[in-house]
Amino acid sequence: MHMADALVAPAVAGTMYVASTAAAAYSIKKVRLENDPKKIPVMGVMGAFVFATQMINFTIPGTGSSGHLCGGMLLSALVGPTAGFLTMIGVLLIQCLLFADGGLLALGCNIWNMAFYGCFIGALLIWKPMMKSGMSKAKVVAASILGCVLTLQLGAFSVTLETLASGITELPFVAFVATMQPIHLAIGFVEGLITAAVLSFVYDARPELLYGYENDLTKEGRFTFQHTIAILTVVAMLIGGGLSLLASSQPDGLEWSIQKLTGSTEVASSGEIYEIAAKIQDQWAVLPDYAFHGSSSALGTSFSGIVGACIVIAVCVGVCYLFKFFRKKRIS
Amino acid sequence: MSKIGSAIYEIHHMDTIASREQWVNQIHPLVKLVLTIGYIAVTVSFHKYNLVGLIGMLVYPLSMFLLADLSIKDSIKRLRIVLPLVCFVGIWNPFFDHTFVFLGDVCICGGVVSMLTLMIKGLFSVLASYLLIATTSIEKICYALRLLRVPKLVVTQILLTYRYITLLLGEVNQMTQAYALRAPNQKGIHCKAWGSLTGQLLLRSVDRANEVYESMLLRGYQGEFGYLGPQIKMRKKDWLFFLFWSSCIIFVRMVPIVTIIGNFVGGH
């Protein structure tokens, strides 16, 4: 996707240089703010790594053709978007000078089309949001494929726009887009698979190298005990207070069975012990039959749902704490 | 030679010819960098039907190739990377552009002219870039970039990447050769080994980066490079070189010199 100098008009090349320079200035500022002196040699070696691995031909099964690694996405997944962007600038300049892959004038366009989309869009819109709730192999694979496909599509679309804006080709916009996008969809998918394979390997071997990885064993879990309790309480209140209003007036499974056998939903009980128990229940029950005393309003049903849920949670938490307390005591 | 092997050869070859004692190699890198960018910008600014005017731009690369004793064949080989996309974009012009253009007395389809113009622009810009890298080392180009106020971080990045490219290319070459010897009838790397082969290289590269960092610390590195090569002063001949070629390029762009010479020789 490297654009040659012949494909851009000076005005377009200048505009893209300005845009790429702005992104580079932002990246430099960010990298300096990070104040990590180790990052610079790592960026240099990673740039050389991307350059070298882009020379490897990866066989695409069943096609007889081969694909290459997606540099931008890989770099941003390893060193982050801003450092990855700066590294890609170096790679693109060397590719342009040493191998005539791209051009000096078109360098601004190439930086934008490959480095900007690959690093910023790929990392900030796909990698980072996907890894926010914790990293997993499936997420690494999905983010790699999605990132490569999207960034290559954007890059190919930019190539189309830049070439058309330069007035180089007579090919109509629709025809140009219809040719560029599907080709790069296939390329993006293959590059995504290769990138996913490499990043999955890194995830298995040294996950701490991946951008945004946090060790789940050392960090405080995203769902702490307090968070879990708070969420459970809110959910219980929603279900108990809201959904209980929609509770069916029909008998439940047990009541239905009893009704079938005895003709009533409740089993008739007789005897002194039953009478005493019923008396105690009537006296102590705060919300008899899921309602306030002497009232059949819907508010009572909601209130009883909330209270019931809270009591259940309190009992569960209490039991858990007791279990932990005794367990700790036993271990010590 | 394998693709990686030829890439390593290409880098070493370019390093060798850039470090020759030719007088063109001794010209200040900033002059050559600015001239190259300016030349390419002027070349691509020619109108798509101005094929004759564009041919005049051959003066700079042709003269410099002869003066610097460089092989045009080597530089034309580099077109194999650029040409496919340029051809893909230009090949449609004859189908969509049916305007008629006069080249002298000959009437030609505008689409054909614009296609040829595009290809020649591609050729000239590749020649100019080759001329720069064949007469100026990467270190000197980076020095010129610093003079153009390109941030030190970016320049350091380029230098470090360049420094480790040959090293990592060598490793990739060894790994792919070892793989090819174990899978002789296979083209490329099988999908089962995509992750492990490249991943191993990546992990080794990361370890190498850490070693590099540690050795840099031992040499007094504190997060920034203070020194990016010896200072090169602008001499009188550098200024003269710049003024001469920039005037030539502007002159060819402004004056249809090829048409004038053609008319003069043709007696029109």
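This is a predicted model: local features need pLDDT of at least 70, side-chain atom pairs count only at pLDDT 80 or more; totals for chains, interfaces and linings use all residues.
Reader: Which residues of helix 1 of chain A are called buried, and what makes a residue buried?

Author: The cut-off is 20 or more other C-beta atoms within 10 Å. In helix 1 of chain A, Val12(A), Ala13(A), Met16(A), Ser20(A), Ala23(A), Ala24(A), Ser27(A) and Val31(A) are buried. Their cover includes helix 2, helix 4, helix 5 and helix 6 (137-165) of chain A. Helix 10 (152-182) of chain B is also part of that cover. Just after helix 1 of chain A, Asn35(A) has a positive phi of about 50 degrees.

Reader: Why is Leu146(A) called partly exposed?

Author: Leu146(A) has 19 other C-beta atoms within 10 Å. Buried needs 20 or more, and exposed needs 12 or fewer. Leu146(A) is therefore partly exposed. Leu146(A) lies in helix 6 of chain A. Trp127(A) is 19 residues from Leu146(A) in sequence and 9.1 Å from it in space, C-alpha to C-alpha.

Reader: What makes a set of residues a nonpolar core, and how many residues has the largest one?

Author: The members must be buried, of the listed nonpolar types, and joined through C-beta atoms within 7 Å. The largest such core has 148 residues. Met46(A), Ile89(A), Leu92(A) and Val198(A) have the most contacts inside it. Helix 5 (residues 107-131) of chain A gives the largest share of this core, 15 residues. As a general point, nonpolar side chains tend to be buried together in soluble globular proteins.

Reader: Which residues is Leu92(A) in contact with, leaving aside neighbours within four places in sequence?

Author: They are Gly102(A), Leu107(A), Asn110(A), Ile111(A), Met114(A) and Ala115(A).

Reader: How many residues of chain A are in contact with chain B, and what makes a pair a contact?

Author: A pair counts if the C-beta atoms lie within 7 Å. By that test, 63 residues of chain A are in contact with 72 residues of chain B. Helix 2 of chain A gives the largest share of the chain A side, 13 residues. That side divides into 45 nonpolar, 13 polar and five charged residues.

Reader: At what angle do helix 4 and helix 8 of chain B pack, and what makes up the contact?

Author: Helix 4 (residues 59-67) and helix 8 (residues 110-135) of chain B pack at about 35 degrees, with their axes 10 Å apart. The crossing is left-handed. Helix 4 of chain B contributes Pro61(B), Met64(B) and Phe65(B). Helix 8 of chain B contributes Phe124(B), Leu127(B), Ala128(B) and Leu131(B). By class, the contact has seven nonpolar, no polar and no charged residues.

Terms used: Residues are numbered from 1 along each chain as its sequence is written. Chains are lettered from A and ligands numbered from 1 in the order in which they are written. Helices (H or I, at least four residues) and strands (E, at least two) are DSSP runs, numbered from the N terminus. Two residues are in contact if their C-beta atoms, placed from the backbone, lie within 7 Å. Ala, Val, Leu, Ile, Met, Phe, Trp, Tyr, Cys and Pro count as nonpolar, Asp, Glu, Lys and Arg as charged, and the others, Gly among them, as polar. Axes are lines fitted to C-alpha atoms, for helices over the stretch in contact, and angles run from 0 to 180 degrees between N-to-C directions. A crossing is left-handed if the near helix is turned anticlockwise from the far one by less than a right angle, and right-handed if clockwise.
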